[in-house]
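Please keep the sequence and the 3D view at hand while working through the points.

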Amino acid sequence: MENIDAARLQMAFTLIFHIVFACIGMVMPFFMVVSHKKWLNTRNPIYLTLTKSWQKGVAIFFVTGAVSGTALSFELGLLWPEFMKHAGPIIGMPFSLEGAAFFVEAVALGFYLYGWKKIPETFHWFTGIIVGISGVMSGILVVSANGWMNAPSGFDYINGEFLNIDPVKALFNPAWFNQALHMTLAAFTATGFAVAGIHAYQVYKKRNVELHKKAFKIAIAFAAIAAILQPLSGDLSAKDIAERQPVKLAAMEAHYETKNGAPLYIGGIVDNETQEVKYKLEIPNALSFLAFGDFNAEVKGLNDFPKDEQPNVAMVHYAFQTMVGLGTLLMIAGMLFFVAKYKKKSWFNMPKFWLLFALLAPLGFVALEAGWIVTEVGRQPWIIHNIMKTKDAITPMPGIVFSLYTYIAVYTILTIAVTWLMARQIKFLNSVKTNEA
Amino acid sequence: MIYVVLAFLAVSLLLYVLLAGADFGAGIIELFSSKENQAINKKTVYQVMGPVWEANHIWIIILIVILWIAFPHYYNILVLALHIPLTLVLLGITLRGVAFVFRYYDAYKDSSQILYDWMFKTSSLVTPIFLGLTMGGVVSGDIINPSQMENHSFLEVYVHSWFNIFSILTGFFYAALCAFLASVFLIGEVDDTSKSMYMRKASIATIVVVSLGFITLAYGYLSGIAFVVDFISNIWSVSAIIVSGILLFPLWKNIKSGRRIISRALAGMQIFFILFAATITHFPNILFTTNGSISIYEHPVPDSVMNVLGISLLIGGVLIIPGLIHLLTSFKLIKLLEK
């Protein structure tokens, strides 16, 4: 394996892992504080049990997210030293603020986890809110740094040098808002459906039904709202990419020839040699409309760009289709929940309803990872869009492939271990209630 | 503004070496303990470090973020030449963090605890050794300047820079220092029977630290490592080390009479003096390559970057420090007015 492929795979692998843990660690505190609030209001002990078990989940995911994040902050320099040498000072601001937000989160979490019966109740609950808010802040700041790679700004690039650096402008780069909005909604959708799905499965299996139904309702409410809002954010992102990264948009749609009134392809198999997309569903003029809000607008095709400045078209196209397809499915599921809640309460007694949500559990995360593949692979061959190529940023140290193998081994073990730990938490939760009853 | 940034850099380094060091040390002590003492230690670590342990480890993130933003060229040389030990440190931090959570948060306390404990103890020893190795590598004078890397072999560029006797000695010295810190910190947290156990550990750790420190310096001096040779002939460094050594006497007196805040402060001051001694001789040239030292100021970043970083750090500090102190006092980790 080439060094560059090994380095990119290692980065992708650690990011894929980190994103799952970071999202759960960022969103679950909100479920936890809602349940906690319900306990404070109703004094129903089920909510206390639920809060405490979710709190354990938050602690476990916070730490795994934090250590995998620490690993990433080192890897940026270790794998891409040339990138960090130039980009580090420019995008340092979101990272230093992220460090601060993360610190606040750690302090607040310390209070929350160890504060039961030791600090005033309302203040204790409030520290949980701080955990959630600072987690979301961290996420937004890190995404802003990624946005800068897509929309580099806050400097002048003259004769290969980065001059007149303005870190504030780099932080608020043109991509930050759309990306941060899309990612925050995605985090709530993915985590919400995953948590709700796990509890739905327990209801389906008739284990400790009362508790798991309550847990499901809290998690799915967040997820459903986020999933219903997500297409709006997706539309903003698409229009933004059409402007700033037309080659990425063309790859997402496997759109080869520049055209007025370009059609939208749904699905299909991409053949990059013949530049054909087979077995697709074609909607005339829809791409022009989605990208520019005009059915006859011109959409640039891949052929307008040099071959060595195009990303891997098939991968970006498939990932994009996966993201949009699953996103739509989850949006419909979110609507179903609201129909059940306000119109068809009887659905909550149907096993099929619970089975459906149990099956949806992993799909939010699949969509979320697919979305990151779209934006990261779609940016290639650039590490900084139109400024620095990924191959020019890599470390000169040979043998990265061994580092890759080590990471794969360690992270695979971690994934298995964390899954196992979660399964034991749920098993324990169920056993506690049965003993009491 | 550069002085604000440097101050934060120094404080993060000191706090990381001190607090994370005590964390690592707790695991090292457990590794070298009998079964019963291991159980006592496990419980104590949870009570004492549980609420703050994650905060302790954030200092390293702050540290490297400051380095890459404000001193990118300096950081660039570090990540190139010390890629391998840094990766090993990372793996150690990862495994240790995960083991810590598993052993305290697993819903069932069964035989899997044996695995978590083993993971926790070994990574607690291995991580500071590689961390110390990295620090040793920075000053041992075997780093090859990136501009000349092409004329050297893989081993010379990526391995000899840190895999040399001086760096290895530094690695073991830091691990011993961690054990010393942890035993001093934990003495104040336990009842009288466990106290004698930590006293014993502390005295062993003191002996190991002092002898390893002496061996490391002696080896460095005899093999002509520029950093150590200059260090020994600099009046400030030598005085700092001597002060750090002398502080052992009041430290032991206070440990015996059970004044835990004073004894912790003294141990902290010792670390401060050791770091002060290590940096003062050559500052700002705190990186040694095969052909001379490199200044942290080399290729300075524009003022705009430095100013924004300084302001961010000040804002972050204002937000965090009161919270952190409140956290420490709430759980009686620091009794500010101890009687």
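Helices (H or I, at least four residues) and strands (E, at least two) are DSSP runs, numbered from the N terminus. The model is predicted, with local features needing pLDDT of at least 70 and side-chain atom pairs counting only at pLDDT 80 or more, while totals for chains, interfaces and linings use all residues. Residues are numbered from 1 along each chain as its sequence is written, and chains are lettered from A and ligands numbered from 1 in the order in which they are written.

**Loop residues of chain A**

- Lys117(A) is found in the loop between α4 (92-114) and α5 (121-150) of chain A.
- Although Lys117(A) is not a glycine, its phi is positive, at about 65°.
- A residue is buried if 20 or more other C-beta atoms lie within 10 Å of its own, exposed if 12 or fewer, and partly exposed in between, with C-beta atoms placed from the backbone.
- Lys117(A) counts as exposed because it has 6 C-beta neighbours inside 10 Å.
- Asn285(A), in the loop between β7 (281-283) and α10 (286-292) of chain A, also has a positive phi, near 65°, and is a residue other than glycine.
- Asn285(A) is partly exposed, since 17 other C-beta atoms lie within 10 Å.
- In the loop between α13 (363-377) and β9 (382-384) of chain A lies Pro381(A), which is joined to Gln380(A) by a cis peptide bond with omega of about 5°.

**Two helices that cross in chain A**

- Two packed helices are described by the angle between their axes and the distance between the axes.
- The axes of α1 (residues 3-42) and α7 (residues 176-204) of chain A come within 9 Å and cross at roughly 70°; axes are lines fitted to C-alpha atoms, for helices over the stretch in contact, and angles run from 0 to 180 degrees between N-to-C directions.
- Two residues are in contact if their C-beta atoms, placed from the backbone, lie within 7 Å.
- Residues of α1(A), including Cys23(A), Met26(A) and Phe31(A), meet residues of α7(A), among them Ala187(A), Phe188(A) and Val195(A).
- The contact of α1(A) with α7(A) involves 10 nonpolar, two polar and no charged residues; Ala, Val, Leu, Ile, Met, Phe, Trp, Tyr, Cys and Pro count as nonpolar, Asp, Glu, Lys and Arg as charged, and the others, Gly among them, as polar.

**The two sides of helix α12(A)**

- Trp354(A), Phe357(A) and Leu360(A) are buried in α12 (residues 351-360) of chain A.
- These residues are on the same side of α12(A) because they cover an arc of only 120° around the axis, the arc being that of the directions from the helix axis to the C-beta atoms.
- Pro351(A) and Lys352(A), on the other side of α12(A), are exposed.
- The buried residues of α12(A) pack against α7, α11 (313-342) and α13 of chain A.

- Chain B contains 14 helices and two strands.
- Of the 339 residues in chain B, 49% are buried.
- Chain B gives 53 residues to the contact and chain A gives 50 residues.
- On the side of chain B that touches chain A, the largest share, 13 residues, comes from α14(B).
- That side of chain B has 39 nonpolar, 12 polar and two charged residues.
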